Amino acid sequence: MVYVFHVDGYEDTEMIAPLDMLSRANIPMTRVGVTGKTITGKMGFTIEADILPEELDLSDCEMIFLPGGPGTHNYFDKPVIDKAIAYCMEHHCYMAAICAAPSVLAAKGALDGKKAVCHFSVEDQMGNAQLQKGLVCVDDNVVTGCGAAASIELGLTMVELLRGKEAADQVRHGIGICE
């Protein structure tokens, strides 16, 4: 199960594109509404969360995902985010974040000594991460994306980590990436 944490002000592309890639690979997801049951993105589109924070049970967690954008500040100081990151660190589950959201992982120590990418606007908030260049970076159980331009590639990388290269290649082919 991939738990996708939604906050008001999320970057629409950074949330929708990775979820689309996961969906195409038939990977189960649960949308957690950190800031409420109805969440509004940067562009004004709304989505409905599947569950609220108090309903979260991570016992089947394979990965958590934090979409970025101008609403990233809404992740900080939220017990459900602290709980999810701590669970993943303890149980070695994957953690994925894009754009400004890797700074949330950094603030919790999840990126200490790990390679990561992020949006240039939060590079100074990446703590002890080893900043890299590129669209997507994987280090151990952490996958990060630099911003909206990395959204599809991040989603494909998430698929590959969870279901293997063949599953990711099938999704790549299905969306028209011909190699």
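In which loop is H92 found? H92 is found in the loop between α2 (79-91) and β6 (94-98), where helices (H or I, at least four residues) and strands (E, at least two) are DSSP runs numbered from the N terminus. The model is a predicted one, in which local features need pLDDT of at least 70 and side-chain atom pairs count only at pLDDT 80 or more, while totals for chains, interfaces and linings use all residues. Residues are numbered from 1 along each chain as its sequence is written, and side-chain values use heavy atoms, with hydrogens and water left out.

Although H92 is not a glycine, its phi is positive, at about 55°. H92 is partly exposed, with a relative accessible area of 47%; buried means under 20% relative accessible area, exposed over 50%, and partly exposed in between (1.4 Å probe, protein chains only). N26, likewise not a glycine, has a positive phi of about 60°. N26 lies in the loop between α1 and β2 and is exposed, with a relative accessible area of 67%.

The strands may be considered next. Six of them form an open sheet in the order β2-β1-β5-β6-β10-β9, with mixed pairing; two strands pair if DSSP finds at least two bridges between them. The edge strands, β2 (29-33) and β9 (136-139), each pair on one side only. From one strand to the next, the twist averages 15°, with axes taken as lines fitted to C-alpha atoms, for helices over the stretch in contact, and angles running from 0 to 180 degrees between N-to-C directions. Strand β1 (residues 2-6) runs parallel to β2 and is joined to β2 by five bridges. Y3 has T30 of β2 as its bridge partner.

H6 also belongs to strand β1. H6 counts as buried, at 0% relative accessibility. Residues up to four places away in sequence not being counted, H6 touches M15, L19, R31, V32, G33, V34, T35, I39 and I47, contact meaning heavy atoms within 4.5 Å.

In soluble globular proteins, nonpolar side chains tend to be buried together. Here the largest nonpolar core has 64 residues, and those with the most contacts inside it are Y3, F5, I64, L66, I81 and L105. Such a core is a set of buried Ala, Val, Leu, Ile, Met, Phe, Trp, Tyr and Cys residues joined through side-chain atoms within 4.5 Å. When neighbours within four places in sequence are left aside, I81 is in contact with F5, V34, L66, Y75 and V104.

Helix α5 (residues 165-174) has A167, A168, V171 and R172 as buried residues. They cover an arc of only 140° around the axis, which puts them on the same side of α5; the arc is that of the directions from the helix axis to the C-beta atoms. An α-helix has 3.6 residues a turn, so residues three or four places apart point the same way. On the other side of α5, K165, E166, Q170, H173 and G174 are exposed. The cover over the buried residues of α5 includes α1 (12-24) and α4 (151-163). G176, which follows α5, has a positive phi near 95°.

The cysteines remain. With a disulfide taken as a pair of cysteine sulfur atoms within 2.5 Å, the count comes to zero disulfides. For C118, the nearest cysteine sulfur, that of C99, is 8.6 Å away. C118 is buried, with a relative accessible area of 8%, whereas C178 is exposed, with a relative accessible area of 67%.
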